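Please look over the sequence and structure below, then work through the questions on a metal site and on cavities.

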Amino acid sequence: MPQAVSPTASEQPWWRSAVVYQIYPRSFADSNGDGIGDLPGVLAHLDHIARLGVDVVWLSPVYCSPQDDNGYDISDYQDVDPVFGTLDDLDVLIRAVHERGMRLIMDLVVNHTSDEHPWFVESRRGRDTPKADWYFWRDARPGTVPGEPGSEPNNWGAVFSGSAWRWSPERGQFYLHLFSVKQPDLNWDNPQVREAVFAMMGWWLDRGIDGFRMDVINFISKDPALPDGSMTQSGYGDGMPYFAYGPQIHAYLAEMRKRVFEPRPGSYLTVGEMPGVTPQQAREFTSSDRGQLAMVFQFEHVMLDQDGDKWTRRRVRAGDLRDTLARWQDALADDGWNSLYWNNHDQPRVVSRYGNDTTYWRESATALAAVLHLQRGTPYVYQGEELGMTNLPFDDIDNFRDVESLNHYAEMVGRRGADPDAVLQTLRHKSRDNARTPMQWSAEPGAGFTSGTPWIPVNPNHVWLNAAAEYDEPTSIYNFYRELIELRHADPVVVDGDFALLPAPDEVYAFRRTLGDRCIEVYANLTSTAAKLADDTAGPEGVILGNYPPETCQPGLLAPWEVRAYRLVSASASHSTGRPATGDGQRIRGGGGMISGPGER
Ligand code: GLC
Ligand code: CA
């Protein structure tokens with residue numbers, strides 16, 4: 001196990017200065033030619049991650065699963081699915097990660113299990129079994145024909161289309177599934193359920209892992225009345241007010257902390273995925289007093305391009321993106337901690353979504369990376385993001401694999417008679433499968449991901465967009481990510497500095513980070529047209545990181561998707577010279593290279 005190290009204040013938890021890399025094992029690397037990524041594949045490519053400089057690997061689920069939702073439907077929490085390998089393979093991987101000075105966190109998916117989990121199989125058997133109350137079982141609505149549409153206990157829609165209830169002829173009742181029909185929700189109000197989950201978590205920590213990413217953890221406490229929700233455009237009621245941030249959520253997380261984490265000597269990274277979480281709630285969950293979670297994944301910045309539901313698109317202005325990000329920076333400034341992410345296995349690729357994946361592919365991928373990584377919080381990199389991987393130009397419903405996407409298509413085209421091309425168009429932009437195409441290692445057929453037939457199509461752009469092509473290219477996106485991560489590790493201002501938004505035109509995200517007399521300023525043009533800055537002193541001097549050659553750098557003007565980070569000497573520092581910069585700092589000459597290192601220290 002690596003020692004807990006903190007480059008800044010020794011009282012700070014280690015994860016404050018960490019960068020996390022997410023692996024979606026199914027799409028990362030296939031070692032045996034069956035077309036599906038696996039644990040030996042991860043092991044073989046660990047140096048790609050270590051060279052990037054990250055501190056933590058987050059492994060998406062590899063537990064036993066019928067794979068209805070690619071492993072987020074778990075049938076045995078304490079074993080590895082044969083498609084990914086064995087428990088021994090996982091032990092070897094944990095050791096290999098630790099040997100490289102990194103840590104490993106696993107996905108904790110305990111809002112629901114698979115319907116093939118023995119707990120559910122037993123629970124379904126009848127109202128008298130010991131596990132009868134481990135899930136949400138309810139009778140049909142009075143006055144209806146049980147099991148018929150309309151007899152559901154309430155009007156909630158599932159996240160993956162259709163009703164959130166499924167009739168079980170075996171038990172003669174409905175069960176609740178907020179996600180797919182194969183993902184029944186666990187009843188956390190039953191103390192035996194909590195007990196079983198906590199025991200399982202302890203078993204993994206004792207096996208040597210370093211924390212958990214907790215799947216939809218703000219859904220585990222539900223309003224026990226399960227009331228109808230207000231109607232939405234999907235034709236179902238919105239249950240969010242009743243199942244998200246429910247009455248016992250803080251009590252359950254406090255109990256988890258007491259039962260699982262406190263009795264153990266380690267310091268663990270816990271990050272809770274929380275759709276719909278507000279800044280105020282995020283603060284409550286991550287406040288150092290309560291210590292319930294290290295950080296949460298909020299969703300506001302990845303919902304800006306939607307109107308009402310996920311499938312209705314809305315244009316995003318650079319200013320909206322900036323305002324949202326800055327608001328979260330401010331909200332968690334004094335207490336609590338932010339996670340920082342653009343991508344994960346549920347989100348379309350950021351360079352295609354908020355960037356420009358054609359003319360300014362490299363520039364927009366690096367600008368988005370820089371503004372994310374230079375904020376205050378713990379950055380997450382999702383596999384392939386460090387290469388600038390893009391969405392797939394899906395042209396046929398047969399190329400999709402994701403249960404959410406397929407259900408949506410079936411619902412819209414099959415049941416509601418929507419135009420198939422129009423639905424395909426929305427899926428092309430928003431489907432989670434955009435994130436799940438195979439990792440692009442090389443230009444070979446199969447992208448170096450598999451020697452067999454990949455389970456989902458490889459992006460045709462792997463012939464030029466791949467890891468092998470980027471390693472030795474100094475200006476590559478991969479090497480830009482390395483620089484960013486190195487800068488965070490080298491300069492405490494990136495980790496601990498206060499955040500302040502700087503005045504700038506709407507297209508530009510400009511901010512300052514300050515720690516004592518250390519200061520950096522970041523200016524990023526988040527559009528594909530040049531942007532004029534209010535302050536024409538922002539020239540080539542003192543640039544410590546940028547994505548255009550220094551000789552093209554013009555004072556007061558940012559080229560399309562240009563980003564520049566400056567190091568400043570604060571007004572109080574005695575050796576400051578040169579022209580005054582924005583506000584109270586002065587720029588000093590730094591590395592100046594196109595992608596330069598941390599500069600002067
Ligand atoms: C989370 C996961 C997603 C999964 C869902 C149900 O949102 O990130 O992939 O489908 O929960 O487990
Ligand atoms: Ca395989």
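The questions and answers that follow concern a predicted model.

Q: Which residues coordinate the calcium ion (ligand 2)?
A: Along the chain, the donors of the calcium ion (ligand 2) follow the spacing D-x1-N-x1-D-x1-I-x1-D. Ile 36 contributes its O atom and Asn 32 its OD1. With the OD donors included, the residues that coordinate the ion at 2.3 Å are Asp 30, Asn 32, Asp 34, Ile 36 and Asp 38.

Q: Is Asp 30 buried or exposed?
A: Buried means under 20% relative accessible area. Asp 30 has 10% relative accessibility, so Asp 30 counts as buried.

Q: Which element gives the most to the lining of the largest cavity?
A: The largest cavity holds about 80 Å³ of space, and its lining includes Trp 328, Gln 329, Ser 339 and Leu 340. Two elements give two or more residues to this lining: helix H9 (318-331) and strand S14 (339-340). With three residues, the element that gives the most is H9.

Q: How many charged residues are in the lining of the second largest cavity?
A: This cavity has a volume of about 70 Å³. Among its lining residues are Arg 349, Glu 385, Met 389 and Tyr 481. The lining divides into six nonpolar and two polar residues, and the number of charged ones is two.

Conventions:
Residues are numbered from 1 along each chain as its sequence is written. Chains are lettered from A and ligands numbered from 1 in the order in which they are written. This is a predicted model: local features need pLDDT of at least 70, side-chain atom pairs count only at pLDDT 80 or more; totals for chains, interfaces and linings use all residues. Side-chain values use heavy atoms; hydrogens and water are left out. Donors are N, O and S atoms within 2.8 Å of the metal (3.2 Å for Na, K and Ca); water is not among the atoms, so sites may look incomplete. Buried means under 20% relative accessible area, exposed over 50%, partly exposed in between (1.4 Å probe, protein chains only). On a 1 Å grid over the protein atoms alone, a cavity is a set of points where a 1.4 Å probe fits but cannot get out, and a pocket is an open set with protein on both sides within 12 Å along at least five of seven lines; lining residues have an atom within 4 Å of a point. Grid points are joined across faces, edges and corners, and a volume is the space filled by probe spheres set on the points. Helices (H or I, at least four residues) and strands (E, at least two) are DSSP runs, numbered from the N terminus. Ala, Val, Leu, Ile, Met, Phe, Trp, Tyr, Cys and Pro count as nonpolar, Asp, Glu, Lys and Arg as charged, and the others, Gly among them, as polar.
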